[in-house]
Amino acid sequence: MKIHKPLIIANWKNHPASLREAKQLFDGVKRRTARMSKVSVVVCPPTLYLGMILSNYQGSSISLGAQDLFWESEGSHTGMTTPALLHENGVGYVIIGHSERRAAGETADEVAQKIQAARKAKLKVVLCVGERERDVEGVYLRVLEEQILQSLEGVSRQKVTTGFTVAYEPVWAIGKSAEDALDAHGVHQMVLFIKKILVKKYGKKAGMSIPILYGGSVEPSNAQELSSDAGVDGVLVGHASRVPEDFADIARSFS
Ligand code: PGA
């Protein structure tokens, strides 16, 4: 039995280009998901739009998430978005360690520090992990295990038992189309593999309780299969989250 509602997260990345379009997009998502009481919907817009959404849509059933944060809470940090800024303003979630940030130079050590800081500020964390490529020998599994363990270095059991989710996003499947994504069976195998790593680190009860999402070209055409056969607790949606109809279709598959 699943304790949590499936988590359907929209990762808008750096889109759309204007405030007007961001409002239109949020309106569309809000309207189409309003009656879906069986899923939790989270929208992660660019930081610039968080304030507009927070002030225009107070009390909305959609939670808001940031796409990154800085690991220091105190002090002066020009240009950084600190955990306190997000939490104090009503942002509930934060994506940490997205592959596009890791590709821009973010280290696993920084990811671990960000998780600590976010949890300390009571932000819910979505930790992204995933291999860049696959090989027939299965080296990618070791690479993934190492990435997960390094990203969780020093993160206590207490910090992951609530408000913590892992999103498995194989980098090679991001930004393609549903046909290029990992199929539900393949996702299920990876979910089991990740659970095993989490159980080894945090013990059975805590390890098994951590929700696992899939991300990487989730579209309406593969969402149903992912919801029924992949053993995931939800999805992290990139390009399809910017088409309200598609995002709502995906959420509906899980509701
Ligand atoms: P995609 O992006 O759905 O466009 O593949 C997913 C992500 O990067 O989180």
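Trainee: In which loop is Pro16 found?
Mentor: This is a predicted model. In it, Pro16 is found in the loop between β1, residues 7-11, and α1, residues 19-33.
Trainee: Is the peptide bond from His15 to Pro16 cis or trans?
Mentor: That bond is cis, with omega near -5°. As background, most peptide bonds are trans.
Trainee: What is the phi of Lys13 near?
Mentor: Phi of Lys13 is near 55°, which is positive although the residue is not glycine. Lys13 also has its place in the loop between β1 and α1.
Trainee: And is Lys13 buried or exposed?
Mentor: Lys13 counts as buried, because its relative accessibility is 18% and the cut-off for buried is under 20%.
Trainee: Which value does phi take at Lys122?
Mentor: Phi of Lys122 is near 65°, again a positive value in a residue other than glycine. Lys122 is found in the loop between α5 (108-120) and β5 (124-129). Its relative accessible area is 62%, so Lys122 is exposed.
Trainee: Changing topic: how many strands does the closed barrel have?
Mentor: The barrel has 8 strands, running β1-β2-β3-β4-β5-β6-β7-β8 with parallel pairing. From one strand to the next, the twist averages 25°.
Trainee: How many bridges join β5 to β6?
Mentor: There are 5 bridges between β5 and β6, the latter covering residues 164-168, and the two strands run parallel. Within that pair, Val126 stands opposite Thr165 in β6.
Trainee: Which strands does helix α11 touch?
Mentor: Helix α11, residues 244-254, packs on the sheet and touches β1, β2 (40-44) and β8 (234-237). The direction of α11 makes about 160° with that of β1.
Trainee: One more topic. How many disulfides does the structure hold?
Mentor: The structure holds 0 disulfides. Cys44 is in none, and the nearest cysteine sulfur, that of Cys128, lies 9.1 Å away. Likewise, Cys128 is in no disulfide, with the sulfur of Cys44 as its nearest cysteine sulfur at 9.1 Å.
Trainee: Are Cys44 and Cys128 buried or exposed?
Mentor: Cys44 is buried, with a relative accessible area of 1%. Cys128 counts as buried at 2% relative accessibility.

Note on methods: Residues numbered from 1 in each chain as written. Predicted model: local features only at pLDDT ≥ 70, side-chain atom pairs only at ≥ 80, totals over all residues. Heavy atoms only, no water. Disulfide = S-S within 2.5 Å. Buried < 20%, exposed > 50% of the residue type's maximum accessible area, 1.4 Å probe, protein only. Helix = DSSP H or I, 4+ residues; strand = E, 2+ residues; numbered from the N terminus. Pairing = 2+ DSSP bridges. Axes fitted to C-alpha atoms, helices over the stretch in contact; angles between N-to-C directions. Contact = heavy atoms within 4.5 Å.
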